[in-house]
Amino acid sequence: MSCHWLSQPIEDDNLLVLFSPMLEPITPDNADPIEGYIQGSVLFDFEKVFCEKHSHLPHTLPSREVFTQEMQKLGIEQNTVLVIYDAKGIYSAPLVEWMCQVMGHRNSFILDGGLPDWLKAGLPIQSPLSHRPGLGNFRAKFNDKAVIETQALLKQLEPVL
């Protein structure tokens, strides 16, 4: 999705812009200053909310039930069009878009260039992030063909290794 397209006046309650920040998994460098957010953006927090909290690995895909519940809390409906962006350009937004696809939400798109391109174009920002009131009706439909467990992958690789 282009910044130009998203910047056009859109009177559509089915469109939701998700900001998806991600902490650096290797270095403690997480101090990127945020000047503001795209108007109407809500937080998609996959550091603390959209993740498997009992995993020792960061950014682990949550269960279908957790994903459903948290998407509903963001007011997301089955037919909501999601535009996902991050503060670095194209960094964490693809992971969020993949999560949406795995969980059956087909109307999700990545904002080309993310927040840096939005700011470079001089488009309006706001602070703080928005909040969408009410619960959505989203129901995750887990696509088990999009993921593979570590042990299953290792078993498939045995003949090669």
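Which residues does His 105 touch, not counting residues up to four places away in sequence? The model is predicted: local features require pLDDT of at least 70, side-chain atom pairs count only at pLDDT 80 or more, and totals for chains, interfaces and linings use all residues. Residues are numbered from 1 along each chain as its sequence is written, and side-chain values use heavy atoms, with hydrogens and water left out.

**Figure 1. The protein chain as a whole contains five helices and six strands.** Helices (H or I, at least four residues) and strands (E, at least two) are DSSP runs, numbered from the N terminus. Along the sequence these elements follow the pattern α-β-β-β-α-β-α-β-α-β-α. The C-alpha atoms fill a box of roughly 55 × 35 × 25 Å, taken along the principal axes. The radius of gyration is taken over C-alpha atoms, and the globule rule is 2.2 Å times the number of residues to the power 0.38. For 161 residues, a compact globule would have a radius of gyration near 15 Å, and the 17 Å of the protein chain agrees with this. Of the 161 residues, 35% are buried; buried means under 20% relative accessible area, exposed means over 50%, and partly exposed lies in between (1.4 Å probe, protein chains only). Contact means heavy atoms within 4.5 Å. Among contacts between residues at least 6 apart in sequence, 78% join residues at least 24 apart.

**Figure 2. Four strands form an open sheet in the order β3-β1-β4-β5, with parallel pairing.** Strands β3 (42-43) and β5 (108-110) stand at the edges, each with a single partner strand, so one side of each is left without a neighbour in the sheet. Two strands are said to pair if DSSP finds at least two bridges between them. Strands of a sheet pair through backbone hydrogen bonds, either parallel or antiparallel. Three bridges join β4 (residues 81-85) to β5.

**Figure 3. Strand β1 (residues 15-19) is mostly covered, with five of its five residues buried.** In a regular strand the side chains alternate between the two faces of the sheet. In β1, Leu 15, Val 17 and Phe 19 are buried on one side, and Leu 16 and Leu 18 are buried on the other. Five bridges join β1 to β4, and two bridges join β1 to β3. Leu 18 has a bridge partner in each of these strands: Ile 84 in β4 and Val 42 in β3.

Figure 4. Leaving aside neighbours within four places in sequence, Met 103 is in contact with Leu 61, Pro 62, Ser 63, Arg 64, Phe 67, Phe 138, Ala 140, Lys 141 and Phe 142. Gly 104, which follows α3, has a positive phi, near 90°. Most residues other than glycine have a negative phi, and most peptide bonds are trans. His 105 is also buried, with a relative accessible area of 1%. Not counting residues up to four places away in sequence, His 105 touches Ile 76, Glu 77, Gln 78, Thr 80, Leu 82, Cys 100 and Phe 138.

**Figure 5. A cis peptide bond joins Ser 127 and Pro 128.** The omega angle of this bond is about 0°. Pro 128 is found in the loop between β6 (125-126) and α5. From C-alpha to C-alpha, Ser 127 and Met 103 are 30 Å apart in space and 24 residues apart in sequence.

**Figure 6. Leu 154 is placed in helix α5 (residues 150-157).** With a relative accessibility of 39%, Leu 154 counts as partly exposed. Leu 154 and Pro 21 are 133 residues apart in sequence and 31 Å apart in space, C-alpha to C-alpha.
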